[in-house]
Amino acid sequence: MPYSSLESIVEQNKEANYLALRRTQGAICTDRQEWYPWVEFILRSLQRQKQRLERKMDRERFLLGDLPELSVSILELARERGRVTVMDAAKATGASRNTVKDHLRALTDEGHLSLHGAGRRTWYGLRWPQWRGPKYRTRTYRTRR
């Protein structure tokens, strides 16, 4: 499930948030309390968050396409852990090592995963940045010396 932060939406619209809070606070000590500006701001923020999450889910559905359930499980495992081995995937999914190897090979061929190492030390990592979770979003670039 993609992540969407309400806090980031409020931060992007902080001037409107402060204005709505001021209008609400100005009337809070009177006989005629006015909650409408603040409630409207929060509801509009929730609506923006919902739209943002829908776009993220549509993008993820497009990326996953018609992948088998086991392949999707392997990709989710790689996203959670940052890397996955044949043994990790076999234990987590309950599938045989050979079946997992076939799915990993297909995911690598389709560009979802990248292969690292050889033999028993082989592991697979996510190839596309959009697959990576929040803690894997940074990129490193090589610089010439």
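A residue counts as buried at under 20% relative accessible area, as exposed at over 50%, and as partly exposed in between (1.4 Å probe, protein chains only). What you're looking at is a predicted model, where local features need pLDDT of at least 70 and side-chain atom pairs count only at pLDDT 80 or more, while totals for chains, interfaces and linings use all residues. Residues are numbered from 1 along each chain as its sequence is written, and side-chain values use heavy atoms, with hydrogens and water left out.

**Overall layout**
- The protein chain has six helices and two strands; these are DSSP runs (helices: H or I, at least four residues; strands: E, at least two), numbered from the N terminus.
- Follow the sequence along and you get α-α-α-α-α-α-β-β.

**Salt bridges**
- There are five salt bridges in the structure, each being a side-chain nitrogen of Lys or Arg within 4 Å of a carboxyl oxygen of Asp or Glu.
- One of them joins the side chains of E34 and R23, at 3.6 Å from N to O.
- E34 sits in the loop between α2 (14-28) and α3 while R23 is in helix α2, so this pair ties together parts 11 residues apart in sequence.
- R23 is partly exposed too, with a relative accessible area of 47%.
- Over in helix α3, E40 and R44 pair up, with their closest N and O atoms 2.8 Å apart; the two are four residues apart, so about one helical turn separates them.
- K50 and E54 make another salt bridge, with 3.0 Å between the closest N and O atoms, and both lie in helix α3, again four residues apart.

**A nonpolar patch**
- I28, W35, W38, V39, L43 and L46 form a nonpolar surface patch of about 520 Å².
- To join such a patch, residues need over 30% relative accessible area and no salt bridge, with nonpolar side chains (Val, Leu, Ile, Met, Phe, Trp, Tyr) joined within 5 Å and, in charged patches, like charges within 9 Å.
- Helix α3 (residues 36-64) gives the most to this patch, with four residues.
- L43 belongs to helix α3 and counts as exposed, at 53% relative accessibility.

**Two helices packing**
- Helix α4 (residues 69-81) and helix α5 (residues 86-93) pack at an angle of about 115 degrees, with axes 10 Å apart.
- Their contact (heavy atoms within 4.5 Å) involves L70, S73, I74, L77 and R81 of α4, and D88, A89, A92 and T93 of α5.
- Those axes are lines fitted to C-alpha atoms, for helices over the stretch in contact, and angles run from 0 to 180 degrees between N-to-C directions.

Methods: Areas by Shrake-Rupley, 256 points an atom, 1.4 Å probe, with all protein chains shown as cover.
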